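Subject: Structure handover

Hello,

Here is the structure for your files. Please keep it open while you read the notes under it.

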Amino acid sequence: MKDKRIFLQVALVVACGVVISEVGILLYNAFPSLRENVALATTVKPETFTELYFEDHLKLPQETTLEKTYSFKFTVHNLEYKDMDYPYEVYIASNSAKLMTIDKGTISLKHDQYQTVLERYVLEGKIKRAKVVVDLPSKKQQIDFWIGETL
């Protein structure tokens, strides 16, 4: 008698499990949004981003002497898990106004590739204090450093 009761309880649990599974499968197939939510909840997506940084940041130019050539390097590293084109602009700005464009271009990188760009500039006019800006407008990323007198 006891064995029969245990058997019936197990059979009931299994039957309920099968019914719940079947209902779950029907719901899963009937509602695409449920399927999308299950996929989102169970899929690990890698974090995607782009690194933009100065090489040798401790040796960035600080002076503003006219007719002297200054140089620095910046690097773009693609960690977006797809091929990317990075339009960039390098310029000198003071009080949010562009004083001088140093360079413009586009860098094309595959995932996990990086490229370092050497920039050179000669100041065209006297500047007391300004920023040298590297801008990746499509990624809304910028880096900059100050040149000129310290405040």
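Predicted model: local features only at pLDDT ≥ 70, side-chain atom pairs only at ≥ 80, totals over all residues.

Residues are numbered from 1 along each chain as its sequence is written, and side-chain values use heavy atoms, with hydrogens and water left out.

The whole chain

The protein chain has 2 helices and 7 strands. Helices (H or I, at least four residues) and strands (E, at least two) are DSSP runs, numbered from the N terminus. Starting at the N terminus, the elements come in the order α-α-β-β-β-β-β-β-β.

Of the 151 residues in the protein chain, 27% count as buried. Buried means under 20% relative accessible area, exposed means over 50%, and partly exposed is in between (1.4 Å probe, protein chains only). The protein chain has an accessible surface of about 10,900 Å², and 55% of that belongs to carbon and sulfur atoms. Such areas come from the Shrake-Rupley method with a 1.4 Å probe; for residues, only the protein chains shown count as cover.

A contact means heavy atoms within 4.5 Å. Taking contacts in the protein chain between residues at least 6 apart in sequence, 61% join residues at least 24 apart.

Two strands pair if DSSP finds at least two bridges between them.

β1 pairs with β2 (residues 69–79) in the antiparallel sense over 6 bridges. The bridge partner of Glu 51 is His 77 in β2.

The sheet of 4 strands

Another open sheet has 4 strands in the order β4-β3-β6-β7, again with antiparallel pairing. Its edge strands are β4 (97–109) and β7, each of which pairs on one side only. From one strand to the next, the twist averages 15 degrees.

β3 (residues 84–94) and β4 are joined in the antiparallel sense by 11 bridges, and Tyr 86 has Ile 107 in β4 as a bridge partner. These two strands, β3 and β4, form a hairpin with 2 residues between them, and Asn 95 in the turn has a positive phi of about 55 degrees.

Is strand β6 mostly enclosed or open? In β6 (residues 129–136), 6 of the 8 residues are buried, so the strand is largely enclosed by the rest of the structure. β6 pairs with β3 in the antiparallel sense over 5 bridges, and with β7 (residues 141–148), also antiparallel, over 8 bridges. Val 134 in β6 is the bridge partner of Val 90, and Val 134 also stands opposite Ile 143 in β7. Ala 130 has Ile 147 in β7 as its bridge partner. The hairpin of β6 and β7 has 4 residues between the strands, and Lys 140 there takes a positive phi near 55 degrees.

Tyr 91

Tyr 91 lies in β3. At 8% relative accessibility, Tyr 91 counts as buried. Leaving out residues up to four places away in sequence, Tyr 91 touches several others, including Met 100, Ile 102, Val 133 and Gln 142.

The largest pocket

The largest pocket holds about 160 Å³ of space. On a 1 Å grid over the protein atoms alone, a pocket is an open set of points where a 1.4 Å probe fits, with protein on both sides within 12 Å along at least five of seven lines; lining residues have an atom within 4 Å of a point. Grid points are joined across faces, edges and corners, and the volume is the space filled by probe spheres set on the points.

Which strand gives the most to the lining of the largest pocket? β6 does, with 4 residues. β3, β6 and β7 each supply at least two residues of this lining. Among the lining residues are Tyr 91, Asn 95, Arg 129, Ala 130 and Trp 146.

Regards

Note on methods:
Axes fitted to C-alpha atoms, helices over the stretch in contact; angles between N-to-C directions.
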